[in-house]
Amino acid sequence: MLRTRKEASSHPTGREGPAIEARGLIMRYGDREVLRGIDLVVPHGMVVGFLGPNGAGKTTTVEILEGYRRRTAGRATVLGMDPATGGRELRERIGIVLQETGHNPDLTVRETVRQFAGYYQRPRPVDKVIGLVGLQEAADRRVRALSGGQRRRLDVGLALVGDPELVFLDEPTTGFDPAARRQAWQVIGGLRELGKTILLTTHYMDEAQALADRVAIIAAGRIVAEGTPADLAAAQRSTEIRFTLPAGAAPADLPQVSGRVTTQGHNVGISTDDPTLDLLALTGWAAGRGAGHLDGLTVTRPSLEDIYLTLTSDKEVAA
Amino acid sequence: MNPLVLAARESGNVLRAFWRNRSAAFFTLLLPVMFLVLFGAINRDGTVQVTSGGPQIGYTTFFAPGMLGMAIMAGTFVALVVGLTVMRDNGQLKRLRGTPLSPWTFFSGQVVSRLVLVIVEAVLVLGLGRLLFKVSLPPTAGGWVTFALVALLGAATFTALAVAYTRLVTNADSAPALANAAYLPLLFLSSAWFPISGLPHWLAKLAGDFPLAPMLDGMRQALIFGHGVGAIWPDIWKLLAWLAVGLVVSLRTFRWERAA
């Protein structure tokens with residue numbers, strides 16, 4: 001699904017190829033195969049959400065791309081370089097927001113940003129960075145005195161101070177209250193406007209929906225789905241119809257429907273791609289039996305959250 | 001950019017953070033000075049013999065380099081074992097690793113900033129010792145050079161050993177205990193506070209091979225007797241050997257991330 005949207009790679013930057021391209025990434029720790037052939041493409045200028053349950057291989061994949069880990073096998077290119085050997089040159093051009101990172105509590109926000117600015121050849125102005133992550137008011141406060149949300153924004157600021165082309169965000173809002181999450185989302189939305197390419201790792205489907213142009217879902221070391229949030233919803237179109245069998249009717253008496261029928265005692269579930277037609281058949285059948293209505297009738301479309309859970313739980317069992 | 005400029009800037013970063021943390025600054029710089037004043041006042045007119053049959057020297061003259069040695073080991077070894085494991089466990093090292101900052105620059109910053117603190121401490125201890133207790137200072141320029149060489153070599157050695165030692169510290173919570181497990185016994189066995197004569201021979205010899213004893217001996221030989229480098233080669237060799245061990249082990253085993 002992802003690779004059909006070619007227009008993204010012709011983003012007007014003059015750069016060849018996507019920002020990130022991974023093919024058949026494999027990672028083994030001893031006998032344990034953590035990644036079983038990951039394919040991932042992040043075009044320039046896009047925000048790609050990378051979702052998956054804990055232990056699925058998200059962080060391992062991202063850390064291979066960031067240059068922290070050496071892959072066992074497969075190909076990886078980040079900004080045209082191999083992340084395993086890109087070294088300094090690559091780190092000049094990427095920004096990394098890790099999960100839960102400490103700071104020196106005794107330095108102020110401005111001092112911390114200035115220190116990191118000194119590590120890059122062409123840093124962004126310190127005050128611009130502080131403004132970008134909305135910490136102007138707290139600029140002269142010590143890191144010790146910041147709230148959790150403010151520290152997280154400082155993390156983002158430190159990842160941006162080198163003016164990177166590509167930003168890795170690893171679970172930027174885990175553990176946030178709703179207000180802090182919205183603020184963080186605004187900051188990330190601001191990055192998109194700057195034209196940054198972002199690989200956003202997250203547990204939360206709603207976060208991916210709010211921020212990402214495209215989504216890749218990983219489970220048990222494989223990519224199980226990939227595309228725009230709308231693509232993903234469309235790929236799993238089936239609607240769930242549920243009701244209770246009318247008195248005196250057996251499952252065998254049910255009319256012909258296009259969907260898959262499952263029964264459990266008197267409870268019937270029909271998973272269908274054509275709910276309108278099936279409902280017509282069912283209600284007609286019920287009327288014909290003189291029942292007039294179907295008890296406990298519900299018709300639901302799965303949310304992206306459900307799709308995510310279905311995709312990832314299947315694979316968990318398969319693993 | 002010039003790597004020396006980067007290293008100097010990184011040292012500045014470390015020092016800025018150091019001065020901000022009052023309690024760390026206090027323990028590193030003022031505690032040895034406080035001990036010097038207290039014990040010097042109590043034992044103002046006492047004398048000790050550094051070696052059996054050697055000349056009697058003023059206790060404060062013996063004690064001042066001891067406190068400086070204590071400050072050097074606390075400020076380099078203990079402070080770094082704790083500081084680096086905290087930075088490793090809370091992800092600061094990993095974050096630095098994700099920036100263009102080179103490991104070389106990072107460690108130069110750590111070493112140089114510690115050396116600066118050693119110089120500050122030496123001025124404090126020797127200055128106050130001279131002022132209050134008339135502790136002896138090197139009579140010759142050669143003595144000063146030797147003293148400075150031993151103090152800085154010792155500081156570099158303990159810095160390298162601290163980096164190597166972090167491999168044994170599985171988490172930051174246990175770092176102070178594990179650092180002290182090496183620091184406190186050495187402090188007592190290496191005659192930092194007073195000459196130890198009652199030790200079993202094998203234990204005295206063993207303690208003498210660890211880096212604190214040769215550093216203290218070298219500093220005292222230079223400060224008290226004005227000996228040149230030529231007179232203290234055994235001390236220099238021992239420190240250089242420990243420095244080499246520290247560097248090799250650090251390079252091979254240092255971890256930027258906490259164990260999973």
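This is a predicted model: local features need pLDDT of at least 70, side-chain atom pairs count only at pLDDT 80 or more; totals for chains, interfaces and linings use all residues.
User: Thanks! How many helices and strands are in chain B?

Analyst: Helices (H or I, at least four residues) and strands (E, at least two) are DSSP runs, numbered from the N terminus. Chain B has 10 helices and 2 strands, and along the sequence they follow the pattern α-α-β-β-α-α-α-α-α-α-α-α. In chain A you will find 10 helices and 13 strands.

User: What does the radius of gyration say about chain B?

Analyst: The radius is taken over C-alpha atoms, and the globule rule is 2.2 Å times the number of residues to the power 0.38. For 260 residues, a compact globule would have a value near 18 Å, and the 19 Å of chain B agrees with that. Its C-alpha atoms fill a box of roughly 55 × 35 × 35 Å along the principal axes. The box for chain A is roughly 80 × 45 × 40 Å.

User: Which domains does chain A have?

Analyst: Domain bounds come from an automatic or database domain assignment. Chain A is divided into domain 1 (2-234) and domain 2 (237-301). Taken over C-alpha atoms, the centres of these two domains of chain A are 46 Å apart.

User: How do I read burial, and is Ile241(A) buried or exposed?

Analyst: Count the other C-beta atoms, placed from the backbone, within 10 Å of a residue's own: 20 or more is buried, 12 or fewer is exposed, and in between is partly exposed. Ile241(A) has 22 such neighbours, so this residue counts as buried. Ile241(A) sits in strand S10 (residues 239-244) of chain A. By comparison, Ile196(B) has 15 neighbours and counts as partly exposed; its place is the loop between helix H7 (175-189) and helix H8 (201-209) of chain B. Over whole chains, buried residues make up 45% of the 260 residues in chain B and 40% of the 319 residues in chain A.

User: What does Ile241(A) touch?

Analyst: Two residues are in contact if their C-beta atoms, placed from the backbone, lie within 7 Å. Leaving out residues up to four places away in sequence, Ile241(A) touches Ile270(A), Thr272(A), Pro275(A), Asp278(A), Leu279(A) and Val299(A). With the same exclusion, Ile196(B) touches Leu189(B) and Ser191(B).

User: Where do the two chains meet?

Analyst: The contact takes 16 residues from chain B and 18 residues from chain A. On the chain B side, helix H1 (3-20) and helix H4 (92-97) are the elements that give two or more residues. The largest share of that side, 5 residues, comes from H1(B).

User: How is the packing of two helices described?

Analyst: Packed helices are described by the angle between their axes and the distance between the axes. Axes are lines fitted to C-alpha atoms, for helices over the stretch in contact, and angles run from 0 to 180 degrees between N-to-C directions. Angles under 35 degrees count as roughly parallel, over 145 as roughly antiparallel, 65 to 115 as roughly perpendicular and the rest as oblique. Helix H2 (residues 22-42) and helix H5 (residues 103-133) of chain B pack at about 20 degrees, with axes 10 Å apart. That makes H2(B) roughly parallel to H5(B). H5(B) also packs against helix H6 (residues 141-165) of chain B, at about 140 degrees and with axes 10 Å apart. H5(B) and H6(B) are therefore oblique to each other. Residues in this contact include Arg114(B) of H5(B) and Ala155(B) of H6(B).

User: One last thing: what is the phi of Leu79(A)?

Analyst: Most residues other than glycine have a negative phi. Leu79(A) has a positive one, near 50 degrees, and lies in the loop between strand S4 (73-78) and helix H2 (87-93) of chain A. Lys134(B) also has a positive phi, near 55 degrees, and lies in the loop between H5 and H6 of chain B. Leu79(A) is buried, with 21 other C-beta atoms within 10 Å, whereas Lys134(B), with 12, counts as exposed.

Notes:
Residues are numbered from 1 along each chain as its sequence is written. Chains are lettered from A and ligands numbered from 1 in the order in which they are written.
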